[in-house]
Amino acid sequence: QLKGKTAVITGSNSGIGLGVAHELARAGANVVLNSFTDRDEDHKLAEELGREHGVEARYIKGDLSKGDEARGVIEQAGVCDILVNNAGIQHVAPIDEFPVEKWDQIIAIMLSAAFHTTAVALPMMRKAGWGRVVNIASAHGLTASPYKSAYISAKHGLVGMTKTVALETAKEQITANAICPGYVLTPLVEGQIPDTAKKYGMTEEEAKEKVILERQPSKEFATVEQIGGTAVFLCSDAAAQITGTTISVDGGWTAL
Ligand code: NAD
C-alpha cells in the first residue's frame, strides 16, 4: 500500500526506529535508515531489511545533534514522502543537578533536529503532492515525571511543533501527527533499569514492574511492531484527515 513511497526514519539502527522501518517496508515503502555511526553493520542492516521486504533500503549517517547534519540526511535521501522523527536519548537527574550539556544535546536531537528535517522534507512532499510527518513523541509529551526535565520539555515541544506543521500543511495532501508511546522495551529503556533500581533501592526486576511500568495500567510494555503498525496506519488513506494530533500507544497511561 506504500509502494513507491520513500520513508526516512531518523535514529533507526535500533529500537523503535528500526521497528517502524520494518513495518513501513513491510507495507511496501522504500526506507532510509539513519544514526550517528557509520559502521559496516549499519549499512548491512539496511541491506538485509531491503532484502527481507523486497524494497530499496539504505543507510545515511547523520549526527542529529547538529542542525546541518540533520538537514543533510534529508538532502542526501533526495526524496522523502514519509518523515519519521524518532532519534532520541534520555538522561535522568534532578533539574538543579541536570548537566547543561545533556540538556542541550537532548533538545538538539529530539526537538531541533525534527525542525531541521521537517524544513527540508516539506518542499519534497509538496513537490510529490503527498506527504506524512510522523513524530515519535512519548506519553512524556503529554504528561510529566520527575528527573526527566529535558526529555519531557523536548517531547512536549515536539507535540507542539507537530500541530504547527499540521496547520501549515492543512490544505495539502500532507499530514503531521505524533505517536505517544508509553514504555516500549528497547535499549533506551533497558538502560534506565539499573539507574532506576539504584535510585529506589530495588532489584532490576522490581524496578521494571513497580517503577517503570507503574504508570502503564496494562502492566505490559508496548512493542516496536505496534508503534510501527501505528505509523503505517497514519500513512494510510484512512488517516488522511487525521492531522495535528497525537495517538497514544501506552497501555492506558494517559487515561489515569
Ligand atoms: P533506542 O536507544 O533503541 O534508539 C534511539 C535511536 O536514536 C538509535 O538508533 C540511536 O542510534 C539514535 N540516535 C541517538 N542519538 C542520535 C544522534 N545524535 N543522531 C542520530 N541518531 C541518534 O531508543 P528507543 O526506545 O527506540 O527510542 C526511539 C524514540 O522513541 C525516542 O525518541 C524515544 O524518546 C521514543 N520513545 C521511546 C519509548 C520507550 O519506552 N522505548 C517510549 C516513548 C518514546
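This is a predicted model: local features need pLDDT of at least 70, side-chain atom pairs count only at pLDDT 80 or more; totals for chains, interfaces and linings use all residues.

Colleague: Which domains does the domain assignment give?

Modeller: Domain bounds come from an automatic or database domain assignment. Here the assignment gives domain 1 (6-183 + 222-250) and domain 2 (185-221). Their centres, taken over C-alpha atoms, are 24 Å apart.

Colleague: How many residues of domain 1 are in contact with domain 2?

Modeller: Two residues are in contact if their C-beta atoms, placed from the backbone, lie within 7 Å. In this case 12 residues of domain 1 are in contact with 10 residues of domain 2. The side of domain 1 that touches domain 2 has 5 nonpolar, 6 polar and 1 charged residues. In these classes Ala, Val, Leu, Ile, Met, Phe, Trp, Tyr, Cys and Pro are nonpolar, Asp, Glu, Lys and Arg are charged, and the others, Gly among them, are polar.

Colleague: Which residues come nearest to the ligand?

Modeller: A residue is near a molecule if its C-beta atom, placed from the backbone, lies within 6 Å of it. There are 27 residues around the ligand, and Gly11, Gly15, Gly88, Thr186 and Leu188 come nearest. Two or more shell residues come from each of α1 (15-26), α4 (100-128) and α6 (187-190); helices are DSSP runs (H or I, at least four residues), numbered from the N terminus. By class, the shell has 14 nonpolar, 12 polar and 1 charged residues.

Colleague: Why does the ligand lie between the domains?

Modeller: Because domain 1 and domain 2 both give residues to the shell around the ligand.

Colleague: At what angle do the axes of α1 and α9 cross?

Modeller: Axes are lines fitted to C-alpha atoms, for helices over the stretch in contact, and angles run from 0 to 180 degrees between N-to-C directions. The axes of α1 and α9 (residues 224-234) cross at roughly 50° and come within 8 Å. So α1 is oblique to α9; angles under 35 degrees count as roughly parallel, over 145 as roughly antiparallel, 65 to 115 as roughly perpendicular and the rest as oblique. Gly15 and Ile16 of α1 are among the contact residues, as are Val224 and Glu225 of α9.

Colleague: And how do α7 and α8 cross?

Modeller: The axes of α7 (residues 192-200) and α8 (residues 204-211) come within 8 Å and cross at roughly 90°, so α7 is roughly perpendicular to α8.

Terms used:
Residues are numbered from 1 along each chain as its sequence is written.
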